[in-house]
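Let's take a walk through this model together, from its overall make-up down to single side chains. Keep the structure open as you read.

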Amino acid sequence: ATAVRPAAAGVAVVAGAAALWGVAHLLNVDIGRQTAMVLMAVGIVHASLGTAFVRRWGPALGLLVFLLPTGDLLQPALRAAAVEGLAVTLPWLGFDVLRDGHTIHIGTHRYFVGEACSGLAYVGLLSFLGYAFGVTMFRSFRPVAMLALAGAALGVLANLARMNAIVLADHWQGTQMDLAGHGLFQWGGLVFAIAVMLGAVALAPIEVPRSSGSTTTPAPRRQHGVLAQGSARVAPWVGAPALWAGGVAFVVVGLVTWAGGGSPAARALAADALPPQLGEWTLARPVESAPPDARGPAHMTRRYERGARVLTIELLQARQRGDKLAIRAVAPPEGEGWQDVGNEAMAMCSTAGCTEAVHQTWRRRISSPLRQLTISFTVGDAMTGSTLRLRALSGWSTITRQETAPRLIAITVEGDALPAQDIHVLLAAVHARLRQGEDSPPP
């Protein structure tokens with residue numbers, strides 16, 4: 001048995017995790033908050049049961065990692081790996097492949113590798129199974145981690161085999177099956193991968209711990225409500241690191257929640273938030289905005305014309321704390337085949353001020369016209385194209401109780417990109433108009 005010796009080091013782990021939770025809460029980073037909660041759980045176990053217990057049962061505690069929603073971090077890499085894998089394996093099968101971003105062209109058939117095709121479900125399930133089996137078979141962490149990584153690699157290969165099987169089935173049938181027909185291949189690939197995992201586990205040697213005699217340490221004696229530790233007598237509230245760990249977590253989380261919960265509610269976007277004239281661009285017609293009671297950020301769209309060219313400006317404004325200004329809300333939908341084929345940062349200054357943005361170029365097909373999208377975030381007077389800096393500015397405005405709301409400004413044009421100077425003038429004019437609306441008293 002493992003000796004139970006409460007450790008004060010666990011309190012430090014909890015304090016650090018609580019600080020991480022506070023920073024992630026103010027920056028509105030979900031994965032940071034969830035990581036902090038897992039670390040706090042480990043820290044409380046450390047404080048309650050001691051260092052020897054954590055070392056002995058560390059692999060089992062590692063299962064808490066699978067509580068983290070890492071899909072947003074893993075999915076882009078897995079999706080890119082799936083496309084690369086198809087581009088390599090399909091020529092081996094005798095197909096002439098033309099790759100265009102996340103789209104694979106084989107003759108008249110077109111295969112778009114979307115987010116659902118990344119194999120995230122395979123990788124997540126098989127890595128969990130590998131880790132869980134490893135915990136029951138091995139005492140040290142290294143073989144457990146290796147079995148989990150082997151499960152993840154098996155998930156990547158199983159997903160690649162599934163996609164190749166779909167292409168082969170289409171080739172043999174002479175038609176391209178509907179997406180609903182992919183379900184059979186999904187389940188087939190999953191059953192095959194689990195069977196391979198179980199076979200590998202059955203063949204793997206099980207680590208048997210060496211017997212070293214009894215390591216049980218007698219439990220401390222209690223004497224009239226006081227914990228006897230050797231010759232010293234310590235009050236329970238002093239000698240209970242778990243209580244201190246829980247108290248530290250409660251105080252830090254409470255203070256951060258209080259600091260971030262008092263920010264004033266932002267006003268909704270006014271109907272005249274965008275003017276009828278922006279330089280040489282004239283308002284063509286308004287587009288319906290989200291209804292006033294809609295959940296999430298307020299959304300407004302306006303179209304402007306200059307000769308034969310049409311420009312679309314979209315505004316997103318956070319209604320309350322926690323609203324996320326997601327770029328996908330203004331980007332072309334990938335489900336319709338749009339792909340981001342270019343991405344660059346922009347920064348310009350003039351007498352009208354400085355602007356920062358990120359410029360994206362989107363394309364639907366190889367021969368289709370381009371769509372140019374410029375995105376900038378604003379918090380108060382600050383403007384940035386970085387989502388990380390946006391979160392930092394939003395967190396600071398929350399702490400300082402500034403009556404301002406984070407916003408996203410998106411400018412979209414079809415065809416060739418506008419000159420950078422034109423984009424700078426438009427962003428500066430829109431930002432100035434929005435700031436003017438903030439400074440004016442509410443009706």
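Predicted model: local features only at pLDDT ≥ 70, side-chain atom pairs only at ≥ 80, totals over all residues.

Residues are numbered from 1 along each chain as its sequence is written, and side-chain values use heavy atoms, with hydrogens and water left out.

**Overall make-up**

The protein has ten helices and 15 strands; these are DSSP runs numbered from the N terminus, with helices (H or I) of at least four residues and strands (E) of at least two. Of its 443 residues, 38% are buried, where buried means under 20% relative accessible area, exposed over 50%, and partly exposed in between, with a 1.4 Å probe and protein chains only. Among contacts (heavy atoms within 4.5 Å) with a separation of 6 or more, 66% are between residues 24 or more positions apart.

| Pair | Residues | Bridges | One facing pair |
|---|---|---|---|
| E9 and E10 | E9 298-306, E10 309-317 | nine bridges | Arg-306 and Arg-309 |

E9 and E10 form a hairpin with two residues between them, and Gly-307 in the turn has a positive phi of about 65 degrees.

On a 1 Å grid over the protein atoms alone, a cavity is a set of points where a 1.4 Å probe fits but cannot get out, whereas a pocket is an open set with protein on both sides within 12 Å along at least five of seven lines; lining residues have an atom within 4 Å of a point. Grid points are joined across faces, edges and corners, and a volume is the space filled by probe spheres set on the points.

There are three cavities of 30 Å³ or more, and the largest cavity has a volume of about 70 Å³. Its lining includes Leu-78, Ala-81, Ser-118, Val-156 and Met-163. H4 and helix H6 (141-173) each supply at least two residues of that lining, with the largest share, five residues, coming from H6.

The largest pocket has a volume of about 1,600 Å³. Of the 49 residues that line this pocket, Lys-324, Leu-325, Ala-326, Ile-327 and Arg-391 lie nearest its centre. Helices H2 (30-49), H4 and H9 (387-399) and strands E11 (339-350) and E12 (353-363) each give two or more residues to the lining. H4 gives the most, with seven residues.

**A disulfide and its neighbour**

How many disulfides are there? The count comes to one disulfide, a disulfide being a pair of cysteine sulfur atoms within 2.5 Å. The link joins Cys-349 to Cys-354, S to S 2.0 Å. It is right-handed, with 110 degrees about the S-S bond, and both cysteines are exposed.

His-424, in helix H10 (residues 420-439), touches both Cys-349 and Cys-354, and its other contacts include Met-348 and Thr-355. Is His-424 buried or exposed? His-424 counts as buried because its relative accessible area is 2%.

**A buried glutamine**

Gln-360 lies in strand E12 and is buried because its relative accessibility is 7%. Beyond residues up to four places away in sequence, Gln-360 touches Ile-327, Asp-340 and Arg-371, among others. Val-341 is 19 residues from Gln-360 in sequence and 7.5 Å from it in space, C-alpha to C-alpha.

Terms used: Pairing = 2+ DSSP bridges.
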